[in-house]
Amino acid sequence: MALLDKKQLKSFLDKKTKEYNHPRFILNDPISIPKKFSKLQDIEIIGLWTALLSWGQRVSIINSGNRLIELMDGSPFDFVINHTEKDRARFLKFVHRTFQPIDALVFLDFFQKYYQLNESLEDAFYVDSNIDPIKKGLIQFKNIFFNSELIPKRTQKHIASPLKNSACKRLNMFLRWMVRDDEIVDFGKWKKINKKDLLVPLDVHVQRIALSLGLLKREKADWKALMELMENLRELDPKDPGKYDYALFGLGILQNDGLGEDKMFV
């Protein structure tokens, strides 16, 4: 892609965002799993879990999300709150790539204990700060999740942290789902976190397009690269820079798969 000046770049990305931020996007995306629900806690539980399983082919991710819904009897929040140790046995065969049954049991334990004391997962991510609120929120969430020394260390790899220079792609995707309120794809259920602070999920598709458009120079998809990318995206739209995830990811998927624009939603 030829480099564009700032005005041209904004116009191009705004156009692509409008094209890809469309209800048709939902069908073949992991967000289709939490979209099955209307209750906040159902959306949070299955949304976070599906987001954290979002690596590999999207078909496989969606299949695993649907399997989780089945294992929770179609009602994630009710199951989380009321299930017993005996009910957890059904998860002993749940596997998604490196996510193993022991990890599923840790997730169930976290959800049950958390919702016994809290109404929404937003409070686990929300930090009242004008400086790096999302970074602080991601760190806070991981600390809350792993607040027991009894949790296996292997499970920690499934929840990334900026402290390890991770771009935290999957957690940032989940935050976009819950915070952005455009009434098209994202839910906009959370009101404490401001969408101006959101960070785009920096995956290989987004990284490749960002590099080609001159939005990114750092070639490693880590936290430092994410900060560089967000600085440039905020110059284009300081109120809602996270929306450009649609343009960058959409362009990346099309380029990677060699598909025409009408094929992205098939």
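Which residues is His-83 in contact with, leaving aside its neighbours within four places in sequence? I looked that up to start with: they are Asp-78, Arg-88, Leu-108 and Gln-112, where contact means heavy atoms within 4.5 Å.

**Ground rules.** I am working on a predicted model, where local features need pLDDT of at least 70, side-chain atom pairs count only at pLDDT 80 or more, and totals for chains, interfaces and linings use all residues. Residues are numbered from 1 along each chain as its sequence is written, and side-chain values use heavy atoms, with hydrogens and water left out.

**The H5–H6 loop.** I stayed with His-83, which lies in the loop between H5 and H6. Helices here are DSSP runs (H or I, at least four residues), numbered from the N terminus. His-83 counts as buried at 6% relative accessibility; buried means under 20% relative accessible area, exposed over 50%, partly exposed in between (1.4 Å probe, protein chains only). A polar atom of the His-83 side chain lies 3.0 Å from the backbone oxygen of Val-80. For a polar contact I need a pair of N or O atoms within 3.5 Å; within protein, one must be able to donate a hydrogen and the other to accept it, and residues adjacent in sequence count only if both atoms are side-chain atoms.

Next I went to His-96, in the loop between helix H5 (76-82) and H6. His-96 is buried, with a relative accessible area of 2%. I found its side chain reaching the backbone oxygen of Leu-53 at 2.8 Å. The backbone oxygen of Trp-55 is also there, 3.5 Å from a polar atom of the His-96 side chain. Not counting residues up to four places away in sequence, His-96 touches Leu-53, Trp-55, Ser-60, Ile-61 and Ser-64.

Arg-97 sits in the loop between H5 and H6 too. I get an exposed residue there, with a relative accessible area of 52%. Its phi is near 55°, a positive value in a residue other than glycine.

**Another positive phi.** Glu-183 has phi near 60°, again positive and again not a glycine. I place Glu-183 in the loop between H9 and helix H10 (204-212), and it is exposed, with a relative accessible area of 77%.

**Helix H9.** Is H9 largely enclosed or open? I count it as largely enclosed by the rest of the structure, because 9 of its 11 residues are buried. Among them are Leu-171, Asn-172, Phe-174, Arg-176 and Trp-177.

Then I checked what packs on H9. Two packed helices are described by the angle between their axes and the distance between the axes. I took axes as lines fitted to C-alpha atoms, for helices over the stretch in contact, with angles running from 0 to 180 degrees between N-to-C directions.

Helix H3 (residues 40-52) and H9 pack at about 155°, with axes 8 Å apart. That makes H3 roughly antiparallel to H9; angles under 35 degrees count as roughly parallel, over 145 as roughly antiparallel, 65 to 115 as roughly perpendicular and the rest as oblique. On the H3 side I noted contact residues including Ile-43, Gly-47, Leu-48 and Ala-51, and on the H9 side Arg-170, Phe-174 and Trp-177 are among them.

For helix H8 (residues 133-145) and helix H9 (residues 169-179), the axes come within 12 Å and cross at roughly 110°. H8 and H9 are therefore roughly perpendicular to each other. I see Ile-134, Leu-138 and Phe-141 of H8 making the contact with Leu-171, Asn-172 and Leu-175 of H9.

**The core.** The largest nonpolar core has 83 residues. I use the term for a set of buried Ala, Val, Leu, Ile, Met, Phe, Trp, Tyr and Cys residues joined through side-chain atoms within 4.5 Å. Helix H6 (residues 101-115) gives the most to this core, with 8 residues. Residues with the most contacts inside the core include Trp-49, Phe-125, Phe-141 and Leu-215.

I opened up Phe-125: residues touching it, not counting those up to four places away in sequence, include Leu-48, Phe-141, Leu-171, Phe-174 and Trp-190.

I find Leu-233 in helix H11 (residues 223-236), and it counts as buried at 0% relative accessibility. Leaving aside neighbours within four places in sequence, Leu-233 is in contact with Val-200, Leu-215, Pro-241, Tyr-244 and Leu-248. I also logged that Leu-233 and Lys-243 are 10 residues apart in sequence and 9.4 Å apart in space, C-alpha to C-alpha.

Notes
Helices (H or I, at least four residues) and strands (E, at least two) are DSSP runs, numbered from the N terminus.
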